[in-house]
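Good morning, and thank you for joining this meeting. Please look at the structure on the screen while I go through some of its features.

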Amino acid sequence: MNSGTFDNTLFALQGLNSPFYCKLLTMEFDLNKTLEALLLSTAEPIDLKSLGKIFARYHSELVEAAEAELGAEDGDESAEPLPERVKPAQIEAAIKQLTDEAEVQDKAYRLIEGPSGYQIVTAPQFAEFVRLLRGEPRPMKLSPAAMETMSIVAYRQRHLRESR
């Protein structure tokens, strides 16, 4: 299937009253797998606030689809109850669990928290392969003597700047 056909199919299914979309929204989801998919889908870190907004939007779309379905059924009150909105504490607990699982199961990635949010990164033992994939040169290692020389230069340079 070419990408244009796939895009058109997705576009056609995006209507809130589409039976496929309604079924998709009401499917049970695994919070851990959903978070893992979200973090894998972007190279940028995602913060808790953004994750909360995503789940709030998901919940509001569920409510809209359920209301549209109830309106189409003309007052039939046998609709399934909607799941509760995902809370930030649940997101944090799931992220903690994903972090622990990646470490314990020795997965090829790690989930880390940085200043901009959470991000999935390659495990350190695979750094050499990633470097080769990217075509990057080996990191330069300084000898103890070179390190000492660099520290002296840096120390003296700092004093020269202060004396100006």
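I begin with Arg57, which forms a salt bridge with Glu61, their closest N and O atoms lying 3.4 Å apart. A salt bridge here is a side-chain nitrogen of Lys or Arg within 4 Å of a carboxyl oxygen of Asp or Glu. Arg57 and Glu61 are four residues apart in helix α4, so about one helical turn separates them. Arg57 counts as exposed, at 57% relative accessibility.

A word on the basis of these values. This is a predicted model, in which local features need pLDDT of at least 70 and side-chain atom pairs count only at pLDDT 80 or more, while totals for chains, interfaces and linings use all residues. Residues are numbered from 1 along each chain as its sequence is written, and side-chain values use heavy atoms, with hydrogens and water left out. Helices (H or I, at least four residues) and strands (E, at least two) are DSSP runs, numbered from the N terminus. Buried means under 20% relative accessible area, exposed over 50%, and partly exposed in between (1.4 Å probe, protein chains only).

By the salt-bridge rule, the count comes to seven. Another of them joins Asp100 to Lys96, with the closest N and O atoms 3.2 Å apart. Both residues lie in helix α5, four residues apart, about one turn of the helix. Asp100 is partly exposed, with a relative accessible area of 34%.

Glu103 forms a salt bridge with Arg110, where the closest N and O atoms are 3.1 Å apart. Glu103 is partly exposed at 48%, whereas Arg110 counts as buried at 10% relative accessibility. Together with Asp106, Glu103 and Arg110 are linked in a network of salt bridges.

What lies inside? The largest nonpolar core has 17 residues, and those with the most contacts inside it include Leu35, Phe55 and Leu111. Such a core is a set of buried Ala, Val, Leu, Ile, Met, Phe, Trp, Tyr and Cys residues joined through side-chain atoms within 4.5 Å. Helix α5 gives the most to this core, with five residues. Leaving aside neighbours within four places in sequence, Phe55 is in contact (heavy atoms within 4.5 Å) with Phe29, Leu31, Thr34, Leu35, Leu38, Val86 and Ile91.

Finally, the strands. Strand β1 (residues 109-114) and strand β2 (residues 117-122) pair in the antiparallel sense over six bridges; pairing requires at least two DSSP bridges. β1 and β2 form a hairpin with two residues between them, and Glu113 stands opposite Tyr118 in β2.
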